[in-house]
Amino acid sequence: MDLTLLAIVGVLVVVAVSGLSPRLGIAAPLLLVAAGVALSYAPGVPTFEVEPEIILAGVLPPLLYASAVNMPMLDFRRDLKSIGGLSVVVVAGSAVLLGLIFDRIIPDIGLAEGIALGAVLSPTDAVATSIVKRTGVAPRLVTVLEGESMLNDASALVLLRSAIAATGVTVSLGGVAWDFVVAVVGAVAIGWVIGLVSVVVRSRLSDATLNTALSFVVPFAAYAPAEHFGVSGLVAVVTTGLITGYLGPEVLPAQARGAETVNWKTIAFLLEGGVFLLVGLEAPGLVEDFQDGDGEWGTLALATVIAVAVLLAVRVVYVVMLIFGLRQDIEQTERRLPRVDRIAETLGTPRGQQMPERRRKRIEMMVERSRADLAFYKKERLGFRDGAVLTWAGMRGVVTLAAAQTLPSDTPQRPLLILIAFSVAVATLVIQGGTLSWVVRSLGVEADREGQRREELLALGEILNDVASSRCDDAETEGLDGALVDPLVLTETRKQSRPDKFTAWAGTDDETRSERLREYRRLRLAILADQRGALLEARSTGRFDSTVLAAVLSRVDAAEMSLNQIE
C-alpha cells in the first residue's frame, strides 16, 4: 500500500475512533491499538518498524510542548513536590527494583540490562490524563497526572542511557545520580533561555500565521541543543513550554495565541492518536521477531505479570507516603501563617510605608500567595481515594514502546525485552485504562465544581469591571493621551467593557438564567445560519467583492464562536 494512502487511512481511523470512543465507553488509545493490529493484517499494509528516534525526537517534543504550554504555572508550582516525586523517585525505584528481578528471571541478561528494561517500563503515559479528565475528578489530580507524564519521560530516558552505558562496565550509583542532576539542571537552563527568546521574538510578530508557524519550531529548538550538550532534551522542551505558557498572555497577541491553541491541539491529537495506531501496526512484527529468536512465551508472561505488579506496588507505596506527606505540609504551612501575618502587619506600620514601592509590592505578593496556597491545599486536599485513582492511573504507553527500541542491537534477549515492554504497555492500557472510569465512579471522587466555578467567574468579572470603570473614570476627568473623550464614547465603552455584557439581561436565578441563555444561543445560531446563507447567496451572484464578503463571513463565524464563551 502506498504510504500516502496509508497516512490518509491512518488519519481517518484516528478521527473515526476518537469520535466513536465516547459512545462506546472505551478509551480511544485502546481502540486505536486494536485498530492498528487489525489494519496490519490488511492486504498491502507493510510490516512496520518505526525508528525510535522518530518518536523520541520527532513526536515527543511537540507532544510535551503542547501539554506544557497549556499547563498553568501556578498549578505546576503548587504540586511540584508530588510531580517531582512521581517523576523521579517512582521512576528510579521502579527501574532498580525491576532490574534486580529481571536479572534473576530472564536468562543471559545482567543487572545493567535489567535496569535498562526497568527504566523503559517506568514512565507513565499521558493517556491517563485524557481518561481522568472525562471522569470529573478534582482538577488538582489532573494537574499531578499531567505534570508527571511530562517529566517522567525525561527521567526514565536519562536513567536508560546510564544503564546502557553501564553495560559491561562498572558505573557507580553516585555517578548515575550526578549525571541525572546535570542532565536536568542543564536542560532547565537551556529550556528557560529558549523559552524567553522565543517569546520575545514572537511578541514582535503581529501576524498570527507567522506567529503560529514560528511556534512549530520552538519545541525542536529547545530539544536539539539540549541533546547536543548531553542533557535532557525533553526536560528542556517542558521548561520552554511552561515559560511560553506563563509569559504568553502578557506579550503575545490574542489572535496569535488563539490560533496557536487550535493548531497545537490538532497537532497533539493527530500525533498521539497516530502513535497508538502505530503501536498496533508494529505488534505483529514484534511477535514475529520474538518467535524467530526462539523466545519463550512462559518467560514473557512471567516477566509481564511481575512487571505490572511491581510497577503498581511501587506506586502504591509512594502514593501512600505522598498523601501523608501532603497532610504534614499543610500543618507546617499553617504553623508558618502567623509569621506571614506579622509580615503583613509590618507593611502597615511607618517602617513598612517607608519601604521602596517595588520591594513593598513584592512582599505583598508573597503574603497573598502564601495565604492563597494554604487555602488551596486545604480546599483541594488529596485523600486516599484520590491516591487510589492516582495509583490506578499509572498506565504505560508510547514512551515505553519507543524507549524499548533504543536498546542496542547486541543487547541479549532484545526481542524478548521489546515484547515485554509492548505487553506491559498494552496490559496496563487494557486493565487500568479500561477500568479507570469505573474506579473513579466507585470511589466517588468525582468533583462537582460548577458552584465554585460560577463564584470565581463572578469574582473575576468584578475585577475586570473595576479595572474598566477606573480607566473610564480617568479618561472622563483627565482625557485620553491629553485629549477629551466624547461622553457617548465613555458611556458605550463602560457598557462594552462589562464581562457580562451579553448575559446580564438573563438574570441571576441559575435555573431561569440557564434556560434563557439556552434559548438565546438557539435563536442566535438560527439567525447566524440565516445570515451566513444570505452571504453565500450574495457570493453566488457575483455582485460583491470576494475580499469584502470573506471579511463579513469571518465576523459571522466569530459571532458563532463567541456563543461558546457565554456563561
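Good morning. Please keep in mind that the structure before you is a predicted model. I shall begin with the whole chain and then turn to particular places.

The protein chain is helical in its secondary structure, with 23 helices and 0 strands. Along the principal axes, its C-alpha atoms fill a box of roughly 85 × 75 × 50 Å. How does the radius of gyration of the protein chain agree with that of a compact globule? For 567 residues such a globule would have a value near 24 Å, and the chain has 27 Å, which agrees.

Contacts give a further view of the fold. Taking those between residues at least 6 apart in sequence, 80% join residues at least 24 apart.

Next, the interior. Of the 567 residues, 42% count as buried. In soluble globular proteins, nonpolar side chains tend to be buried together. In this model, the largest nonpolar core has 112 residues. Which residues have the most contacts inside this core? They are Phe102, Ile106, Leu121 and Ile420. Helix 19, residues 414-443, contributes the largest share of this core, with 13 residues. A second, separate core has 7 residues, including Leu553, Val556, Ala559 and Leu563.

Leaving aside neighbours within four places in sequence, Leu121 is in contact with Leu98, Phe102, Ala307, Leu311, Arg396, Thr400, Ile420, Ala421 and Val424.

Val308 is buried, because its relative accessible area of 16% is under the 20% limit. Beyond its neighbours within four places in sequence, Val308 is in contact with Val424, Ala427 and Thr428.

Ser554 and Thr304 are 250 residues apart along the chain, and their C-alpha atoms are separated by 54 Å. Ser554 is found in helix 23, residues 546-562, and counts as partly exposed at 40% relative accessibility.

Asp79 lies in the loop between helix 4 (73-78) and helix 5. Is Asp79 buried or exposed? At 1% relative accessibility, Asp79 counts as buried. Apart from neighbours within four places in sequence, its contacts are Arg140, Val144 and Phe376.

Asp108 is placed in the loop between helix 5 (80-105) and helix 6 (111-121). Its relative accessibility is 63%, and Asp108 therefore counts as exposed, being over 50%. The phi of Asp108 is near 75 degrees, a positive value in a residue other than glycine.

Gln413 also has a positive phi, of about 60 degrees, although it is not a glycine. This residue lies in the loop between helix 18 (398-404) and helix 19. With a relative accessible area of 26%, Gln413 is partly exposed.

Thank you for your attention.

Note on methods. Residues are numbered from 1 along each chain as its sequence is written. This is a predicted model: local features need pLDDT of at least 70, side-chain atom pairs count only at pLDDT 80 or more; totals for chains, interfaces and linings use all residues. Side-chain values use heavy atoms; hydrogens and water are left out. Helices (H or I, at least four residues) and strands (E, at least two) are DSSP runs, numbered from the N terminus. The radius of gyration is taken over C-alpha atoms; the globule rule is 2.2 Å times the number of residues to the power 0.38. Buried means under 20% relative accessible area, exposed over 50%, partly exposed in between (1.4 Å probe, protein chains only). Contact means heavy atoms within 4.5 Å. A nonpolar core is a set of buried Ala, Val, Leu, Ile, Met, Phe, Trp, Tyr and Cys residues joined through side-chain atoms within 4.5 Å.
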